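Here's a quick briefing to read alongside the structure.

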Amino acid sequence: MEVGSDGKTKMPKVAKVKNKMPAPVQITAEQLLREAKERQLEMVPPPPKQKISDEEELQAYKLRKRKGFEDNIRKNRSVMTNWIKYAEWENSQNEIQRARSVWERALDVDHRCITLWLKYAEMEMKNRQVNHARNIWDRAVTILPRANQFWYKYTYMEEMLKNPAGARQAFERWMEWQPDEQAWHSYINFELRYKELDRARAIYERFVIIHPEVKNWIKYAKFEEKHSYIHSARTIYERAIEYFGEDNADEKLFIAFAKFEELQKEHDRARVIYKYALDILPKDRCENIYHHYTIHEKKFGEKAGIEDVIMSKRRFQYEEEVKANPMNYDAWFDYLRLVENDGNPETVRDTYERAIANVPPSQVKRHWRRYIYLWINYAVYEELETKDADRTRQVYQACLELIPHKKFTFAKVWLLYAQFEIRQKELQKARRVLGTAIGKCPKDKLFRGYIDLEIQLREFERCRILYEKFLEHSPENCTTWMKYAELEGILGDIERSRAVFELATSQPRLDMPEVLWKAYIDFEIEQEEWENTRMLYRRLLERTQHVKVWLSFCQFELSIQEPTNIENTRSVYNEANRSMRNNEKEERLMLLEAWKEFEYEHGDEGSQEQVDKQMPKKVKKRRKVQTEDGVDAGWEEYYDYIFPDEESAQPSLKLLAMAKQWKQQTGDTDNQGQSDEEGSESESESSGSSSSSSSDAEES
């Protein structure tokens, strides 16, 4: 739109469209309208400036504005923004009465709108209408007493007007409604600004009754402490502890009280407060108490006090551990050790009872191994520390009743119980305990413990009976046979000891037969029964042809102080060599080396030469290697021993040896000699294949 020089509006010229072909991109009517709307919003024409030159125009302007405001209110009375704009416009025109009328009409519509009251009162205060503002605040707090903004503004206005009495009266009216904590603090700070300590103390008294939280009691006490009323502050702390009692006690209150006493250098009082808190508070809420108590003792306490605090802290930690996992027996052991150091028998017993109540849920012995030591430690404590024999006996009996003896048992518990009865000079009870143990669940350890007890008491007949029961229970136990025979030997009954050994060697099954035979042979040697020893060696060699048995036999013959011991030893070596021809070659080589050493020490040149002739030759051979799946894995080299009696059965070996010697004499090269060696070794393999069935299997 353009305006001409004559003030008339001219329409813009419309450009002529020359190309009337359709555009490649078509625009819809909706798009045109949207763009027009957007451009209209972007280009908002400025409001016209109107200059008012006389009273009539001003009145017309006011009438027009009032009519607009009234129309808006008439359209929607509940929209408070229209009322507020209307009242503020009237105020801007200095029409205070009309503005008040608008505010009052708005309050009639919605008297619970906080903004209306605030704007209304602010208008009166800006216009310095104090009584009107006070009247509005009074009406507002009467209608909406829970709106804290009204009270804050009201009291602030009175204080700014230098009217503390009016402000105090407003605060008192407010406090009757029991507002939140911040309102009470505002009242207290108001009194403190005017140095009214007694009034502030009285407000605190009412405050902690209406809001009896721990933090409010602590603030009250710190208020007294800040103003140097130490006795009053201590009294407040004591009242707070008494008010909350043991059921609702809070750790923050005790910590604040103890720190207060610490600042006053009353360390004994602080220590008593900490201990009292630890006694009455639950264990899960004592961690912070322990922390501050430890710091206090480290700063002001003695060594004993510090240790006491640390023990209390550790006790709390162990309580938490066993509460989290009652089956954690290691934690119970540590806890019990700590409690035992404290020295209170009732506490120790109570802790032991709590620990042994956590029985393993499964009947598997490995799950009981740690648990059973709780009972053992309990019994040892009752016996050694409290000297209570009856209670110790009850502990052992309860433990034995709890163990499922049909599944497993613990011989250690039975033996400890029996040893306890012996210390109490109750021998019959001890025997009855061990007899019951053997009857219910016979174990090697129980038999050995019972036998050791009877040996210490020199009851050898009972020992014989127990050994017989033991051997009936496990006849394959060589150690038991040896101990039984040893007992008979100690008692001087050689025939019984020999009979025991004979019974033992005649058993079809033994766990360590070589140890038993060695013990029997050593027994006969100790008795200097040479013929019996030779018979034992012969009997043993009928069972086994082991090289160590032959070597032991030879050593025995050599050790006998007889004129013919050398010949006997040589004959044993000769017999062993003949009998071991079909044994492993390494064992036979071991025997021949021992024989050779014997001849070089005790023989002559002829006997030495005879042994040297029987020594084998060491030959390198090759054989195929197969994996577990039967697949060929190549060849490997190994060393074999060829004895003279094997060479006599294989005459081709001598011929090959001579051929090898002749080739070495011709002076061929080393490589050719090596190839000849390999050829001779392969020929020795082929010729050695006829020696025995075992070597055939290896060389194939």
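Is Glu-104 buried or partly exposed? Glu-104 comes out as partly exposed, because its relative accessible area is 26%. Keep in mind that this is a predicted model.

**Salt bridges across the chain**

- The structure holds 30 salt bridges, and here are a few to look up.
- Arg-139 and Glu-104 meet through their side chains in a salt bridge, at 3.0 Å from N to O. Arg-139 sits in helix α6 (residues 130-143) and Glu-104 in helix α4, so this pair ties together parts that are 35 residues apart in sequence.
- Arg-139 counts as partly exposed too, because its relative accessibility is 26%.
- Lys-62 pairs up with Glu-95 in another salt bridge, with the closest N and O atoms 3.7 Å apart. That pair links distant parts of the chain: Lys-62 is in helix α2, while Glu-95 is in the loop between α3 (80-92) and α4 (96-109), 33 residues apart.
- Lys-62 is buried, with a relative accessible area of 7%, whereas Glu-95 is partly exposed at 24%.
- Asp-330 and Arg-370 form a salt bridge as well, their closest N and O atoms being 2.5 Å apart. Asp-330 belongs to helix α17 (residues 329-342) and Arg-370 to helix α19 (residues 365-384), so the pair ties together parts 40 residues apart in sequence.
- Asp-330 is partly exposed at 41% relative accessibility, and Arg-370 is partly exposed at 41%.

**A negative patch**

- Asp-54, Glu-55, Glu-56 and Glu-57 gather on the surface in a patch of negative charge.
- Glu-56 is part of helix α2 (residues 55-75). Glu-56 counts as exposed because its relative accessible area is 65%, and the cut-off for exposed is over 50%.

**Aromatic rings**

- The count of aromatic pairs comes to 30. In one of them, the rings of Phe-408 and Phe-410 have centres 5.8 Å apart and planes at 85°, so the pair is edge-to-face.
- Phe-408 and Phe-410 are both buried.
- Ring pairs also link up a cluster of Trp-151, Tyr-152, Phe-171, Trp-174, Tyr-187, Phe-190 and Tyr-194.

**A buried alanine**

- Ala-576 is in helix α30 (residues 565-579), and this alanine is buried, with a relative accessible area of 0%.
- Ala-576 and Arg-588 are 12 residues apart in sequence, and their C-alpha atoms are 8.7 Å apart in space.

Definitions and conventions
Residues numbered from 1 in each chain as written. Predicted model: local features only at pLDDT ≥ 70, side-chain atom pairs only at ≥ 80, totals over all residues. Heavy atoms only, no water. Patch = residues over 30% accessible without salt bridge, like charges linked within 9 Å, V, L, I, M, F, W, Y side chains within 5 Å. Areas by Shrake-Rupley, 256 points an atom, 1.4 Å probe, with all protein chains shown as cover. Salt bridge = Lys/Arg side-chain N within 4 Å of Asp/Glu carboxyl O. Lys, Arg positive; Asp, Glu negative; His and termini not counted. Charge placed at Lys NZ, Arg CZ, Asp CG, Glu CD. Helix = DSSP H or I, 4+ residues; strand = E, 2+ residues; numbered from the N terminus. Buried < 20%, exposed > 50% of the residue type's maximum accessible area, 1.4 Å probe, protein only. Phe/Tyr/Trp six-rings, centres within 6.5 Å; stacked < 30°, edge-to-face > 60°.
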